[in-house]
Amino acid sequence: MDLNKKRVLITGITGQDGAYLAKFLLEKGYEVYGIVRRISTPNYWRLQSLDILDKVILISADLTDMASLSEAIQKSNPEEIYNLAAQSFVGSSFDQPLNTIDVNGLGFLRILEVVRNFNKSIRIYQASTSELFGDSVSSEGIQDEKTSFKPNSPYAAGKLLAMDLARIYRESYDMFVSNGILFNHESELRGLEFVTRKITNEVAKIKLGLSNELHLGNLDAKRDWGYAPDYVESMWMILQQDKPDDFVIATNETHSVREFVEEAFRLAGLDWREYVKTNEQFKRPYDVRYLKGDYSKANNKFGWKPKTTFKELVKKMFEEDLNRWQRHFDGEVFAWDAINHPGNIKFLYKSKNK
Ligand code: NAP
Ligand code: F7E
């Protein structure tokens with residue numbers, strides 16, 4: 001432990017945001033600890049690709065295991081905790097609702113309880129989400145911190161529990177607990193099951209003649225998509241405020257899945273209509289139709305604003321996937337997760353009629 005450095009503990013450090021946040025905080029001079037859970041194949045490809053695997057300190061713990069969390073928090077003795085760990089895929093939350101609520105809702109309660117007993121001065125960031133809004137706003141509106149919540153999935157229900165607990169612990173125990181209500185944010189390190197990366201990865205394969213179909217669900221869903229490295233900076237800013245509070249982080253723009261598809265195929269010089277098939281299997285029992293976030297509060301309070309446009313985002317993701325597949329064929333070996341997802345994999349998600 002380096003006592004001259006500020007210490008931080010990140011849960012979910014192996015995920016998209018965790019990896020970018022770890023890099024950002026290392027550059028700020030923090031000593032960065034992260035918890036990793038036991039899985040059958042180590043999942044360090046993001047930390048490796050950012051070249052920080054040997055710069056962070058990893059501790060074995062799981063959000064469902066209070067004893068391990070308690071040990072991780074005591075061992076790292078952090079000034080700040082960023083709770084990014086989650087079962088983060090909305091589609092899977094319909095298939096594994098109990099596990100999702102256990103990790104996303106109760107997991108955060110376990111952290112709060114450990115911190116309350118160990119050291120109430122630790123500042124805590126909770127990864128909240130635009131999924132909380134569900135369908136509470138029509139297709140003309142915009143969501144901000146005052147918009148009501150109406151979760152549409154077990155994922156969002158678990159996150160709403162965590163958000164309420166954050167507020168309750170803040171008020172009851174005078175703890176510094178803040179929620180970042182982040183809208184969708186994507187990147188070259190996004191998981192392959194999320195729609196943006198599924199699209200750019202598959203379009204890159206189609207461009208190189210390795211695939212000829214892209215199966216998708218609801219093309220009409222609209223999302224406010226930003227770039228993950230821009231968004232992790234806001235997490236840190238939220239914890240540097242004088243008082244704990246909740247902030248929407250978004251781009252103030254909305255685009256449909258169809259528009260994302262069109263842009264990715266346009267970059268590849270291909271006509272999307274020849275390759276995209278809609279497939280019921282990728283439709284959710286209850287989808288969020290429309291999201292568009294107003295980030296004015298964060299902008300007014302600490303000057304945060306998005307730096308990357310929608311078109312720049314699609315371009316970065318598509319070019320990196322194309323590059324990865326080309327390097328793969330030049331003999332470079334990648335972690336399975338970086339590229340090698342069977343894009344049209346037949347998972348049996350629950351459908352409305354089951
Ligand atoms: P992600 O890539 O799916 O990463 C999730 C992380 O959580 C991974 O490190 C995963 O570990 C870890 N994890 C899952 N279950 C765990 C458990 N039981 N114990 C400990 N760790 C566990 O997600 P992300 O996109 O970086 O998102 C980060 C956070 O922000 C999540 O809480 C997500 O719900 C929230 N969020 C994301 C977005 C977005 O658009 N990306 C928007 C709003 C909110 P493994 O590597 O072992 O799987
Ligand atoms: O879906 C539609 C799908 O899975 C986006 C998570 O980071 O952001 C993310 O949740 C939209 C949905 O992200 C496919 O029905 C169509 O309407 O990329 P997604 P998400 O559900 O918005 C929020 C803010 C989070 O907090 C979450 O952690 O795209 N869609 N066809 C599809 N989605 C997927 N995954 N696959 C399809 O084939």
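Where is the place of Asn252? I found Asn252 in the loop between strand S11 (246-249) and S12; helices (H or I, at least four residues) and strands (E, at least two) are DSSP runs, numbered from the N terminus.

**Before I go on.** I am working with a predicted model, where local features need pLDDT of at least 70, side-chain atom pairs count only at pLDDT 80 or more, and totals for chains, interfaces and linings use all residues. Residues are numbered from 1 along each chain as its sequence is written, chains are lettered from A and ligands numbered from 1 in the order in which they are written, and side-chain values use heavy atoms, with hydrogens and water left out.

Entry: I looked up phi for Asn252 and got a value near 70°, positive in a residue other than glycine. Most residues other than glycine have a negative phi. Asn252 counts as partly exposed because its relative accessibility is 35%; buried means under 20% relative accessible area, exposed over 50%, and partly exposed in between (1.4 Å probe, protein chains only). Asp174 also has a positive phi, near 60°, and sits in the loop between helix H6 (154-173) and strand S6 (177-182). With 69% relative accessibility, Asp174 counts as exposed.

**Entry: helix H11.** I checked the length of H11 (residues 310-329): at 1.5 Å a residue, its 20 residues should span 28 Å, and the end C-alpha atoms are 29 Å apart, which agrees. The expected span is 1.5 Å times one less than the number of residues. I listed its buried residues, among them Phe310, Met317 and Trp325. Just after H11, I noted Gly331 with a positive phi of about 105°.

**Entry: helix H9.** Which residues of H9 are buried? I found Val257, Phe260, Val261, Glu263, Ala264, Phe265 and Ala268. They pack against several elements, including helix H7 (195-207) and H11; contact means heavy atoms within 4.5 Å.

**Entry: Gln281.** I found Gln281 in the loop between S13 and helix H10 (296-302). Gln281 counts as buried because its relative accessibility is 17%. His215 is 66 residues away along the chain, yet the C-alpha atoms of Gln281 and His215 are separated by 9.0 Å.
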